[in-house]
Amino acid sequence: MNQPSFVSPDLIRQRFSKAMSDMYREEVPLYGALMELVEQTNRGVLDSAPDIARQLHNTGEIERLDLERHGAIRVGTAAELATLARLFAVMGMLPVGYYDLTPAGVPVHSTAFRAVHEASLQVSPFRVFTSLLRLELIEDPQLRAFAQSVLDQRSIFTPAALALIERAENQGGLTEQEAADFVKEALETFRWHHSATVTGEQYQQLSAQHRLVADVVAFKGPHINHLTPRTLDIDIVQTQMPAHGITPKAVIEGPPRRQCPILLRQTSFKALDEPIAFNDQADARGSHSARFGEIEQRGAALTPKGRALYDRLLNAARDELKDFPNEANAARYNALMAQHFSEFPDSYEGMRQQDLAYFRYFVTDKALAASNLKTLTLEALLENGYLRIEPLVYEDFLPVSAAGIFQSNLGDSAQTHYGVHSNQQVFEAALGRSTIDELGLYAESQRRSIEQCFASLN
Ligand code: OOG
Ligand code: NI
């Protein structure tokens, strides 16, 4: 008997990411405009900065650049999150990292579903920032019970999607036809719905509690709320946005501009007001704003030591600002960030020597022509030009940045103060498994690349 041949999860993810982008481009025309602006900017950078072009060629990142995007969704129940984890697993996407956003006044905690091996990331780096609403933070017991009952009644997956997830789990994969059906059916979960599942009055009550609560509870499913392309120069995009009819948020989240980018820099524009029909109306007389646009620039992944330094400098700048960054204090914020981050070494070699970032190692032509190198240490090989390094790109998110993105899109009402603690255990119980520590993944990738180098030395 012939073994059925299965499509690799990486390819399913690549196809799903493309299908999602096509759907979103159709639903939100401004996303198309943003994609064009990013493509233009990236082409300009590749033409004018040979160092960056060379680095992207060396690491192979050039091939994934145009495919690269992340999306975000928000779900309401443990069962929804657990099934999403199974759906993403079919595409080789595992929950990486735990992000608690309650300290920033956003009643959710989150993880990012993504591929975890560098070879898989190379095929498709698609990621989805996935948040679970913390219903327990709704103070009014009656409203909380109402929200829970609305959520308990909905099913955010199509019956065919559920069947295909089960089939993938039982068979160990999906055939070509099943994979095509899976992409189509899975996409339905993320589609926008023009009608709400509650009345206008109920929507107002949910929204008065927190706009996020209405966004999660009042709809049939967890619509994708943004899809973010990766740019090679976010400052150019930020200044060009107004000329394209897009108004960006006041400041770029993340580290300041540097020669050697680290972690993640992000900017976004406000959610659009979209007409919706409440379930006590025949036509769309209400409106809801949830979907927005975002762009990001990715840099080197940091070690625990590098991350601690990043957090310290970011906190120092923010403490000195004494307020959330906004329109009025943006210039001062940028100046404070630049000032504090001057302490962070701005060369790859400097970051490597101080163990601040993760790298990939490559064997040079000089090494291929030499012999007896296996006895040398890593340091000696680098010093003598037998190995060279490129930074490992940061594949994850930043909690303070994510909170800033949420806030700029939700307005002032989001600045609630919750007296609760982060609860990774509760999140993982809902997820049905533990989240993966992202730092361990980078350390593994770095270790594999060093091993490969030693294996190919003479
Ligand atoms: C997610 C916001 C966070 C990011 O890139 O940090 C985020 C959301 O609004 O659901 O997407
Ligand atoms: Ni985002």
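This is a predicted model: local features need pLDDT of at least 70, side-chain atom pairs count only at pLDDT 80 or more; totals for chains, interfaces and linings use all residues.

Is the crossing of helix 13 and helix 14 right-handed or left-handed? The crossing is right-handed; a crossing is called left-handed if the near helix is turned anticlockwise from the far one by less than a right angle, and right-handed if clockwise. Residues are numbered from 1 along each chain as its sequence is written, chains are lettered from A and ligands numbered from 1 in the order in which they are written, and side-chain values use heavy atoms, with hydrogens and water left out.

**First selection: helices 13 and 14**

Select residues 304-321, which form helix 13, and residues 330-341, which form helix 14. Helices (H or I, at least four residues) and strands (E, at least two) are DSSP runs, numbered from the N terminus. The two axes come within 9 Å and cross at roughly 145°; axes are lines fitted to C-alpha atoms, for helices over the stretch in contact, and angles run from 0 to 180 degrees between N-to-C directions. Among the residues that meet here are Y310, L313 and L314 of helix 13, and Y333, L336 and M337 of helix 14. Contact means heavy atoms within 4.5 Å. By class, this contact has 10 nonpolar residues, one polar and three charged. Ala, Val, Leu, Ile, Met, Phe, Trp, Tyr, Cys and Pro count as nonpolar, Asp, Glu, Lys and Arg as charged, and the others, Gly among them, as polar.

Next, select K322 in the loop between helix 13 and helix 14. K322 has a positive phi of about 65° although it is not a glycine. With 72% relative accessibility, K322 counts as exposed (buried means under 20% relative accessible area, exposed over 50%, partly exposed in between; 1.4 Å probe, protein chains only).

Move to ligand 2, a nickel ion coordinated at 2.1 Å by H70 (NE2), H226 (NE2) and E294 (OE). Donors are N, O and S atoms within 2.8 Å of the metal (3.2 Å for Na, K and Ca); water is not among the atoms, so sites may look incomplete. The spacing of the donor residues in sequence is H-x155-H-x67-E. H70 in strand 1 (residues 69-75) and H226 in strand 5 (residues 226-229) link distant parts of the chain, 156 residues apart. H70 and H226 are both buried.

Select residues 200-209, helix 10, where G200, Y203, L206 and S207 are buried. These residues lie on the same side of helix 10, because they cover an arc of only 125° around the axis; the arc is that of the directions from the helix axis to the C-beta atoms. The face turned away from the buried side carries the exposed residues E201 and A208. Helix 7 (141-153) and strand 8 (286-289) are among the elements that cover the buried residues of helix 10.
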